[in-house]
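Let's take a friendly walk through this model together. Have the sequence and the 3D view open as you read.

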Amino acid sequence: MKLLAATTRYYVPLMAGLFALTSGLLLLRLNWALRHEADEQLYNEQLYVQQLVAREQRLPPTLFAYQLSRSSSPRPTGFSDTLLLDPVEQELVPHRQLTFRLLPVAAGQPAEWITLRKSLVETHDLLRVVLGVMLGALVVLVFGVIGLNRWLARRLWGPFQHTLARLRAYDLHLHQPLDLPAPAIAEFAELNQALNQLSERLVADYENLREFTENAAHETQTPLAIMQAKMEQLLQAPSLTEDEATMTLLGELLQATQRLSRLHQALTLLSRLENHQFAPAQLMPVSLDQVLRDRVAVLEPLLEARALHLNVDIAPDLPTRAMHPGLADSLVHNLLQNAIKHNYPGGHIAVALGPTAFEVSNTGPAIEGEPTRFFERFRKHNAASDSPGLGLSIVQHICAFYGFRVRYDYDANPVRHTLRVEFNQRSGGVGAPALEQAASHRQ
Amino acid sequence: MKLLLVEDEAALRKTVVDALCQNGYVVEVAVSFAQAYEKIKLYRYDCVLVDLTLPDGDGLDLVRALKADCSPAGVLVLTARNGLDDRIKGLDLGADDYLVKPFHLSELNARLRAIIRRRQFQGQHHIVFRDLLVWPELNEVLVRGQPLALTRKEYDLLLYLLANPGRVLTKEAIAEHLCGDQVDAADSLDFIYTHLKNLRKKLQERGADNYIRTLYGVGYKLSAE
């Protein structure tokens, strides 16, 4: 529910309640005032009648008979309410009446009871009008409040909506703080200021992390190189030729070092992709068909060793793509290597390169689990495998970098794993606009 | 053969120098950009091995300087950076080859051989090893004067072994040499075994001595004795 709807939901019933209460009070008070007024008028008339009688004057005739009635029989004195039939409208009309005993002027004369009456029908009409006006005002007020809120929502909440839109579009990879404006409303200005500070801290932290990763990557490469070179030199020691156990140990040590170095290279590549550290300037027209042919040639012995049947289908006259050549090579290589790795001896691999997509499908053992998770890091089909399980993660990152779409499909019968990279799906990603930019540079 | 190794990392420098000396090269070292710049201006080398990240300068500038002087020296770029960009830049500048750290010393030997062969002998070079004669430019292998037919990979493998006589070559180093350094060595060991087996068989059929030694669990060695 919108904040405004929520406040209105409380606001309107409260307003209606208060309005009803005050209307009721007003009604009571008005009623009381009007009756009081009638009573006062009746009392004044009583005094007037008494004066007239005291001066032995005749009472003036009244226009309507009901306004004054005399009786010689005793009546209860004081104010009371009564209903009288209105002869014109033929309906009962409420009246206020005052009855008093008129003292005889001369002795011997009988006492008289006089009743003075006043119609309350005007009072009732007045009350009805007042009530009607009040209700009308209530309706106008409620709609007015709702309308005002709607208008305010657009006007006052504008800066908030703006902030929200900027936050949604925010991309930490651009290394730019949010830099939101300071609107006139104090709360929103405060919010924007806090968000600006937050984004500045984020950018700084991110920058630190990036630098650290980069430095760590660079600094570990050197000791690894030293380790590997020293061990290789150690392997050449003449004394080792007699000592098979030590040599095997050393060989294993060397293998572990190489694994570490390979892992390190893959992780560095991933972090560089994630941090968009491949400048658009390095883009050049890459013909993927050539990259594919080169890679297939390099991997040929691997295919032979596993008796894999490779079927390559390259569409003619493929356009070049603006890519980093190293990344293009890495993409093709990882897809092919994946197809070789997760295959049976004597299995099949089909590679198809078209103008819109690159597809690698292979036979292989069925894989359990969520297909989207295959792209996760260190995801291995076989836990005992020596490979770090970063290949598909690298594929996914390269595709994301260039705005390509990568999809995994699985056919159960016969078992067929298909990885399909669709080009030109430039949905988001910083790589995509950079790509277009580079393309326009060349024109 | 006189080489200049430009490398600021002392520990790595020493090991590389040792390995190169074992292979019969004369190696001079430069530990900084300034020192290297002075040496390439003053002396002539057959090949210069340049580390790109030096404390006082960019190794690529050394490559530029060599090319500007029209130096006949071969240039092998060694890079510790995640190679993708530097490889291209280095090769664009005219470097003959590149190696990404960490590299196999045996791979370094093989690359150096190839560079020097290309630069200096212009097809006139042959390799003699015991009863083996190889003309690399002609892709010809003779065993005791008899031509030997090898597949491309077997031939590459033989050249690699010949570039490192007497050295222990790990299976991983051989795999990377034959399939490129992106190949996961763990996946490619079985094909090395196949190729070596075939190469040996072919050599023996021609009556060559068995000079390819297997070091169980580690790798292979071309035995000079």
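How many salt bridges are there between chain B and chain A? The count is one. Please keep in mind throughout that this is a predicted model. The pair in question is A:Arg262 with B:Glu176, whose closest N and O atoms are 2.6 Å apart. Side chains of opposite charge can pair in this way when their charged atoms come close.

Which parts of chain B face chain A? The elements that each give two or more residues to this side are helix H1 (10-22), helix H4 (84-93), helix H5 (105-121), strand S12 (168-170), helix H7 (171-179) and helix H8 (185-205) of chain B. H8(B) gives the most, with seven residues.

Now for the contact as a whole. It takes 46 residues from chain B and 49 residues from chain A. The size of an interface is often given as the accessible area lost when the parts come together. Here, chain B and chain A bury about 4000 Å² between them, and 57% of that is on carbon and sulfur atoms.

Let's turn to the inside of chain B. Helix H2 (residues 33-42) and helix H3 (residues 59-68) of chain B have axes that come within 11 Å and cross at roughly 10°. Since angles under 35 degrees count as roughly parallel, H2(B) is roughly parallel to H3(B). On the H2(B) side, the residues that meet H3(B) are B:Phe33, B:Ala36, B:Tyr37 and B:Ile40. Their partners in H3(B) are B:Asp61, B:Leu62, B:Ala65 and B:Leu66. Taken together, the residues of this contact are seven nonpolar, no polar and one charged.

Further along chain B, look at the backbone between B:Lys101 and B:Pro102: a cis peptide bond joins them, with omega about -5°. B:Pro102 is found in the loop between strand S7 (97-100) and H5 of chain B.

Finally, on to chain A. Over all chains, the structure holds 27 salt bridges. One of them pairs A:Arg96 with A:Asp39, with the closest N and O atoms 2.6 Å apart. A:Arg96 lies in strand S3 (residues 91-102) of chain A and A:Asp39 in helix H1 (residues 3-54) of chain A, so this pair ties together parts that are 57 residues apart in sequence. One backbone detail is also worth a look: A:Asp317 is not a glycine, yet has a positive phi of about 55°. You will find A:Asp317 in the loop between strand S6 (309-314) and strand S7 (321-323) of chain A.

Note on methods: Residues are numbered from 1 along each chain as its sequence is written. Chains are lettered from A and ligands numbered from 1 in the order in which they are written. This is a predicted model: local features need pLDDT of at least 70, side-chain atom pairs count only at pLDDT 80 or more; totals for chains, interfaces and linings use all residues. Side-chain values use heavy atoms; hydrogens and water are left out. Axes are lines fitted to C-alpha atoms, for helices over the stretch in contact, and angles run from 0 to 180 degrees between N-to-C directions. Helices (H or I, at least four residues) and strands (E, at least two) are DSSP runs, numbered from the N terminus. Angles under 35 degrees count as roughly parallel, over 145 as roughly antiparallel, 65 to 115 as roughly perpendicular and the rest as oblique. Contact means heavy atoms within 4.5 Å. Ala, Val, Leu, Ile, Met, Phe, Trp, Tyr, Cys and Pro count as nonpolar, Asp, Glu, Lys and Arg as charged, and the others, Gly among them, as polar. Buried area is the accessible area (1.4 Å probe) that two parts lose on being put together, summed over both. A salt bridge is a side-chain nitrogen of Lys or Arg within 4 Å of a carboxyl oxygen of Asp or Glu.
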